[in-house]
Every structure is written in structure tokens, then in C-alpha cells.
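Hi everyone, thanks for coming. I'd like to walk you through a fold, one piece after another, so please have a look at the screen.

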Amino acid sequence: MQFTTLKEIYDHSIASFADRKAFSMIRHESLTYSEFADRVEQTRELILHSGIGHGDKVALFSRSTTNWPITYFACVTSGIVIVPILPDFSRDEVENLLDHSGVKGLFVSGKLSSLISEETYSRMNLAVSTDDMSVICRNSEDAAQSSEPLPEDLAAIIYTSGTTSSPKGVMLTHFALANQINLYPTFFPIEKEDSFLSFLPLSHVYECSVGMLYPFAFGCSVTYLDKLPAASVLLPAFKAVRPSIFLTVPLILDKIYRSQVRARMTKNAFLNFLYKLSPVRKIYHKLAGKAVLQALGGNIRFIGIGGSKVNEDTERFLLEGGVPYAIGYGLTETAPLLFAIAPGDNRIGSTGKVITTIEYRLDDMDPKTGEGELVVKTPCIMQGYYKNPEKTAEAFTEDGWFKTNDICTVSKDGYLSIKGRANNMIVGASGENIYPEEIEDVINSHHLVEESLVIEDNGELIALVSFNKEQVEAAISKMGEEMNEGMEKIKKELAEFVNTHVNRFSRIKAIEEQKEPFIKTPSQKIKRFLYKRNTNKKK
């Protein structure tokens, strides 16, 4: 069946999978598709009898619970526009987005409700707690009309920025979101017996589309955590749920690899020497891969990875360790996926091949390197940025193709590799294109490093590095040095390590220790703009 609206997906699944388990909270309630439909109907009636109807907007500001998809489907199946708001946004950002979007209703979880002002609550026709679906306030009891949504109708506005100056609310139609579900089976085939564990924010289009709408369309079950996804919470959850599929961002897998795999093989010089030998590394990765899969519940069919580029060392471990994984690449503006790679077809450093029905090209391509900005034409494209025609116009080429802002190469057999973001690219002294993401991959491969960020400062490359404190202290102890002197030696050795693994114009001038955690986006990408310095070139 080919879906063209979210209402079609909903009707199909409720009719086809009534007695199957749909959504659950770990160690708490579990809803069948039929029970889920009853809860959706109750919520729909509450919304409609609060004067909110077709074309109106409802904000969903909540952490992931079974009430998140209940609210989502209650709105979109009635022709109401859903406005998911990331739980990581600040008070000012949330207030700004609620005002900018013009929502009439608000569904908010208890811990986040304190970020909403009394003035904002007073403007709402309806405000509901997603903790127990109790009414916080109701300022209208007028009856509104619902309607059967059409493919071209607006389904969701998803904000990718909460800044006060120019919020970017991505407008996605029913067709854009529903058609994605038609495309996924080619790369990520799932069956109704599959069980998902969900811990990424549902307000992020990747988790909402691939982790909620897709399994719902095929009769699978999805379990949500009731706490933030720290390691102490995730590991027991995997053992309890034993999921066959889960979605994650590269940072989480990087941490597993660095702390559970690489750290054990680099804790002394002899093991580090052995780890550099390819046959030894492959054997160790195979053993470690089995242990990781067992820790993840022992029932994993594949891990879906998205949100940013995967570190090559981490990906090599997954591949050699027999950990099945799939990669998807896309943007909120494209609903989201554009390229994907299925388990078994993995190629280190690549995000896969273009998804059926999507066209692409590389603009301003360098004939020597084959690098160019990826621009695409997809039936799942956004309508534009809400109330922001200037940014909408900037997002498209003159002939109507969407500009991804990603600098990429494509192999002869169609595999896409991302070099970096166009607006992150640093132009060297002789005009060379320098991609900080590539240098960071090298830095992060060092056994003492947790994370890094490469910036430009007066024409020179500086690496801000977050070190693994325990391993650094152990290394300095073995040196017999004081902490400060030992740290300087480690930074010098790291700089030498990096500069022997990158090209001449990508060499870093200095290493600076990043003592505080990097500030990140909800998808765990470092907010680079916060760390910019003077970019004037030295004379």
C-alpha cells in the first residue's frame, strides 16, 4: 500500500494490527493498536471541543511517552497542524516559538511546564499535561471541525532553530511525511514482529519518522524510556526490552567504542601495539562485537544511525565486530532521508546510495577532488520555512533544487561521502578547502581523546580537545610528571600525531584542553558557532 497522508497510515494500522502491542513505557503501561486508537479518539474530542480544528496548530513540548504519539495522531488525523518542540530548547526559545507558530493548543510534560509563562497559558484554548493527559487550562469550549487531510495539506511545523531573530520552522506536508514511509522498506526492511526501543527525542524528525511512523505503519511495537538515556538507564532497558531495532546518533556509538573497546586495547604500550595489527584488531573486534550485542539485549537485527557523520574508527569496529547497522542521511527539510545504506552493504565513510524517486547533483564541483555541494530534488521536500520567505528563497537554487549545505563526493557506483558542512569549511592561506570534521576524525581516533572541535584563529587551526580524564591521569602517572607538565607533553604528542595523519594545509597549530563539556544540539552535534574566534588571516 502506498501512503499519501498520515491519516491513511493511521487507519491502515488500526484496522490491520488491532490486537498487537503498539506503544509502551518501559516497566509501565502498554497499549495495543486498538487501545491506542481509543486514547487517540478521546484526545481528538478534547481538542476539537476546545475550539481547535482543521488548519489550527497545536504545540507538543514533551519528552517521549506513549502520550506523545497519541497527541500527534489526534492532531494530524483531524487536519490539525502539529508543532513538535525539542525539550532541550530554553525558556526564551520556547516562548518565542509558541508565539511565532501561533498555536492554539499546548501539550507539555510536567518538568517542562515550568518553562511556560502564565501569559502564554492564558492565550491557549487548551493546555494539557502529557504526564497523565490532565487538563492544565481550558479557555474555550467551542466546537471546531476536523477534516480528512489531503496530501498537500500542512501536517507539521518543525523548528530547527529557537533563536529569537529568525526562527526556522520547517513546514512538512502529509505527503512529504507519508511518502517517506513508502521509501524506507528498500533500505530498512522491518516486520510486524520487530520491537523498537526509542530514546531519541520524538520532536526530532529522524526519530519521529523512522522510529515512530515507520514501525507504526508496519505493526511493530515501540517502547519508550521513562528517564533520560544515561548508560545506567539504557543498559537495563536493553535487557528488559530486548529490541530488534533501535535508532541512535553517532556520538552514543562513539562513546561505546572508545570506553568499552578501544580503551581496553590501548591501556598499555604492548596492547596498543597489538591493536594496530590488522589481524589482531579484527579478532578483538569480533569478540567485542559479540559482547556489545549481548549487552544490547542479544536480539538486535540492526541499529539505525543518523544525525551526523559516523567516525571511521567506530564504523570499522561495527563492521569488523559483526554489529549490524544501517545509516541514513537527510535533513528536516527533506522529511528527512535522502541517502541510505542497508546492513550488509556498508562501506566505511559512506552514507550510502540515493533513495528511490530522489534526484541529486553536486553544484560548484571541484574537478580535481570531485567535491561539491549536494543539491536535491525530492517529492518529500518542505513547503518552506514558516513566515520566513527570505530563508526559504535562500534554501533553493534558481531552478528549484534544495541546497543541503553539505560538501560531498559520490563514487562511480553511487555511494555518497560527506566531507563537511559548507558553512564550516575553512579556506586555507593558499585557497585550499579545509574541512574541520575530517581533522576531528583523526583527533578523535587518539586513545586519550573524547571529543574535539577544530576552529580557525587568526588564520591558524586550533583544536579544542576534551580528553578522557582517567586515561590522561594514568598516562601522566606513568610519565612520573606533574599534572601540568604531563598535560603539555600529551598535547604536544597529540599535535604531532594529528599532523602526521592529515595533509599539509590541515595541520593544527595548537591543542587547547576543553575542560567544560561542549554545548550541543539535541542531536548531539557541537554548536560550532559558539566557539568561533577571529578568522582574520595573519599577514
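In what order do the four strands of the open sheet with antiparallel pairing come? The order is 17-18-20-21. Keep in mind as we go that this is a predicted model.

From one strand to the next, the twist averages 45°. Further in, strand 18 (residues 372–377) and strand 20 (residues 402–410) are joined by four bridges, in the antiparallel sense. If you want to find one of the pairs on screen, go to Val-376: its bridge partner in strand 20 is Phe-402.

As a reminder, strands of a sheet pair through backbone hydrogen bonds, and they can do so either parallel or antiparallel.

Strand 1 (residues 21–25) meets strand 2 in the antiparallel sense, over three bridges, and Ser-24 has Ser-30 in strand 2 as its bridge partner.

On to a pair of helices. How do helix 3 and helix 8 pack? Helix 3 (residues 67–76) and helix 8 (residues 205–217) have their axes 12 Å apart, at an angle of about 75°. Helix 3 and helix 8 therefore count as roughly perpendicular to each other. Helix 3 brings Trp-68, Pro-69, Tyr-72 and Phe-73 to the contact, and helix 8 brings Cys-208, Met-212, Leu-213 and Phe-216. Sorted by class, that contact has eight nonpolar residues, with no polar and no charged ones.

Last stop: helix 12 (residues 278–295). At 1.5 Å a residue, its 18 residues should span 26 Å, and the end C-alpha atoms are 25 Å apart, which agrees.

Which residues of helix 12 are buried? They are Arg-281, Tyr-284, His-285, Ala-288, Gly-289, Val-292 and Leu-293. Their cover includes helix 10 (250–265), helix 11 (269–275) and helix 13 (312–320). After helix 12 comes Gly-297, with a positive phi near 105°.

Note on methods:
Residues are numbered from 1 along each chain as its sequence is written. This is a predicted model: local features need pLDDT of at least 70, side-chain atom pairs count only at pLDDT 80 or more; totals for chains, interfaces and linings use all residues. Side-chain values use heavy atoms; hydrogens and water are left out. Axes are lines fitted to C-alpha atoms, for helices over the stretch in contact, and angles run from 0 to 180 degrees between N-to-C directions. Helices (H or I, at least four residues) and strands (E, at least two) are DSSP runs, numbered from the N terminus. Angles under 35 degrees count as roughly parallel, over 145 as roughly antiparallel, 65 to 115 as roughly perpendicular and the rest as oblique. Contact means heavy atoms within 4.5 Å. Ala, Val, Leu, Ile, Met, Phe, Trp, Tyr, Cys and Pro count as nonpolar, Asp, Glu, Lys and Arg as charged, and the others, Gly among them, as polar. Two strands pair if DSSP finds at least two bridges between them. The expected span of a helix is 1.5 Å times one less than its number of residues. Buried means under 20% relative accessible area, exposed over 50%, partly exposed in between (1.4 Å probe, protein chains only).
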